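Trainee: Hi, I've got a model open and would like to walk through it with you. Could you help me make sense of it?

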Amino acid sequence: MVDTAVSDTPTVPEDAVVDDDAPGPAISVPDSGDTGEVGKLRMIVQLVKKSLGVKDIAAMRLSLPASLLEPLPNLEYWHYLDRPDLFAAINDHDDPFERMVAVVRFTFTKDLKFIHGKVCKPYNSVLGEHFRSHWDVPPVHYSSDPAKRPILRTHATHTHSAPASTTALPFETLSVKSGHSENSFKSIRNGLSLFTKIKPGSSMTPTPEEPVVDAALSSSMSNLSLGSGEARSSDHIRVAYLTEQVSHHPPVSAYYASCPARSIEMKGIDQISSKVSGTTLRVAPGSFNKGIFIDITGGPGEGERYHITHPVANVNGILRGNFYITVADSTIITCTGRSGEKRLRAVIEYKEESWIGKAHFLVEGVIHTYDEDDTEFEQWTKVKHVPQSYVLAHFEGCWRGQIRWRRAGSGSASCSSVSLPIASEYETLVDLSALQVVPKVVRPLQKQLPNESRKLWDNVTSRLLNKEYSDATKHKLAIEQRQRDEASERKRKGQEFVPCYFEKDISSGVPILTAEGWKALEEELQESSLTEHDQRQSAS
C-alpha cells in the first residue's frame, strides 16, 4: 500500500520549484529555518516519511533547501579516481595476473571518500553541465617481491623515506576565490566533509611530493584545489577527467578518464536508482549504468578491457543523522579483449551485516580463470560458486581497512609467469585506512565556461560556505528554473537536447567522446600544472 504522504498531493512551499516533466509525485521539504543539526535532521525525517513507497527517489519531483546540501557539485563528487596513482598503475605489469590484482586493488580504493568522510548530498546536476579536472601523481614503486603491495608515494600515512611531521595532510577543497579572509578559509575547511577528519595527536606523515597547506596563504588562494600548488615533477604522470550531464529525466551523466603515459582509459555512465526501505536508503545502479570500463590501449596489457560492476549499497543511520554505508552484494571484474590468453575474472563479495551490533564491513573474494565459450561462469557471483580448480588467488578483510591476499594452492602456476610458489602466505593487498584521497586540480573560475560545474554553482557554493542559506536557496532555485525554461523552449521549437562532449547514444553503457570531448580532454592533459598563485609568484 502506498503511504498517504505520497499518494496525496503535498503542499508545495512558495519558494520550492518542482519539475513538471519529471515522473512521480511532487514532493518537497520546506526549509525549517533551523540550520543546526537538529533542524536538518527534522527535514531529513520529513523527506524519509514522504519517500516511503516511492519506487525510485531519483525520479521524484522535488527541490531540497540549500541548507541540506553539501557545497559541492554532483559531477565533481561522483568519480572513481580518489587514487589516480593506482588507476595508472594497472598497466605497469607484464603479467596478466598481476594486472588483475592491480585492478582489484584500484577497485577497493576508487571510492575512498565514502570510507574517510561522511555521506553527503551534493547539488543536482543540470542538463548540459560538465566538469573537468586532472591529477599529477608520482608513479607507484614496487619491491623486488611481486607479492608485496606497491609503495605509494603520495597521500599515504605510512610511506617510505618520508620525513617526520605532525602537519596534517592537504585536503581537497572547492573553488576558492582569491582574497578570502582567514575566517572564510576556516569555514571552507570545516564545511567540506569528503575527507578524513584528522584526530589530534594522530601520526599523519605527508610524503615529500605533498605540499603543506599553510593557513597564512588563504588570503591569496587560487581557484585550484589545495594540494596542487607545486609544479609537476618530471616523473609525475597526469590523469585527466571529463564528465557531462547527458540526461535530466532520468538523471544520467557520462564520464571519461585518460592517462596517456600509461596507455589506459576509463569510461562509463553514472546513474543511480534509490529507494527508502525501512530506515535505510537502498542505492543501486540505474538501467543505463553498466559499470566501469577500463581499456588498455598500449603497453603490456594492450587490447584488454576490464569491466567492473557496481554493487548495491545501503545508506544507514538516516533517522539519527549519522549516515554510513554498508554493502551486501558482489562486484564482478571481468577481463576480455586479448586472444590467446587465459581469461581472468574476480569476484568481490561484500558480506551481509548482522542486524545486531556494529557493522564490520567484511569482504572476501577470488581471482579465477574462466572459459569464454562456456557461459556458466556468469552465474558465479559469490566466492562459493567458483570451482576451486579455477581459483588463482583469495583475498579477504575489511573494505574500510586492511585487505590481504594469497595465491591459491592449485592451478596457479599455469596461468602466471610470476615466480611465486603455487601456494603462498597472506600478504597485504591494500590498507585503506592508511590512504587519503588525492586532490584534483581544477582550472580557475575565470577560465571555465558558464556551464562548468564550479562556475555554474559558484553563487550557491559561496553562500553556503558563508552560511547564507536563504540566499543560497534563491540562487539554487534560479539555476533550476533556468534549466526548466530552456527545456520548455526546446520543446516549443521541437528540438532535442544534444550533449556537447559525448555521443547521444549511451545504451551500451560505454560512452563515446565527440570531437569537442576529445578537444576538452586534450586541453586538460596539456593544462598548466601551476596554480594561479604560483603563476602570480612567477610573474613577480
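Trainee: Is Phe 361 buried or exposed?

Mentor: Phe 361 counts as buried, at 13% relative accessibility. Buried means under 20% relative accessible area, exposed over 50%, and partly exposed in between, with a 1.4 Å probe and protein chains only. Keep in mind that this is a predicted model, where local features need pLDDT of at least 70, side-chain atom pairs count only at pLDDT 80 or more, and totals for chains, interfaces and linings use all residues. Residues are numbered from 1 along each chain as its sequence is written, and side-chain values use heavy atoms, with hydrogens and water left out.

Trainee: Where is Phe 361 found?

Mentor: Phe 361 is in the loop between strand 12 (343–350) and strand 13 (362–370). Helices (H or I, at least four residues) and strands (E, at least two) are DSSP runs, numbered from the N terminus. Although Phe 361 is not a glycine, its phi is positive, about 55°.

Trainee: Which other residue has a positive phi of about 55° although it is not a glycine?

Mentor: Ser 263 has one, about 55°. Ser 263 sits in the loop between strand 3 and strand 4 (264–270).

Trainee: And which peptide bond is cis?

Mentor: The one from His 249 to Pro 250, with omega near 0°. Pro 250 belongs to the loop between strand 2 (237–247) and strand 3 (252–259).

Trainee: New topic: what surrounds Ala 257?

Mentor: Ala 257 touches Leu 81, Ala 240, Tyr 241, Ile 264, Glu 265 and Met 266, not counting residues up to four places away in sequence. Ala 257 is in strand 3 and is buried, with a relative accessible area of 0%. Ala 257 and Phe 87 are 170 residues apart in sequence, yet 10.0 Å apart in space, C-alpha to C-alpha.

Trainee: What about helix 9 and helix 10, how do their axes cross?

Mentor: The axes of helix 9 (residues 458–465) and helix 10 (residues 469–493) come within 8 Å and cross at roughly 165°. That makes helix 9 roughly antiparallel to helix 10, a label used for angles over 145 degrees. The axes are lines fitted to C-alpha atoms over the stretch in contact, and angles run from 0 to 180 degrees between N-to-C directions.

Trainee: Which residues make the contact?

Mentor: From helix 9, Asn 459, Val 460, Arg 463 and Leu 464; from helix 10, Tyr 469, Asp 471, Ala 472, His 475, Lys 476 and Ile 479.

Trainee: Zooming out, how many helices and strands are there in the protein?

Mentor: There are 12 helices and 16 strands. Buried residues make up 54% of the 540 residues.

Conventions
Parallel < 35°, antiparallel > 145°, perpendicular 65-115°, else oblique. Contact = heavy atoms within 4.5 Å.
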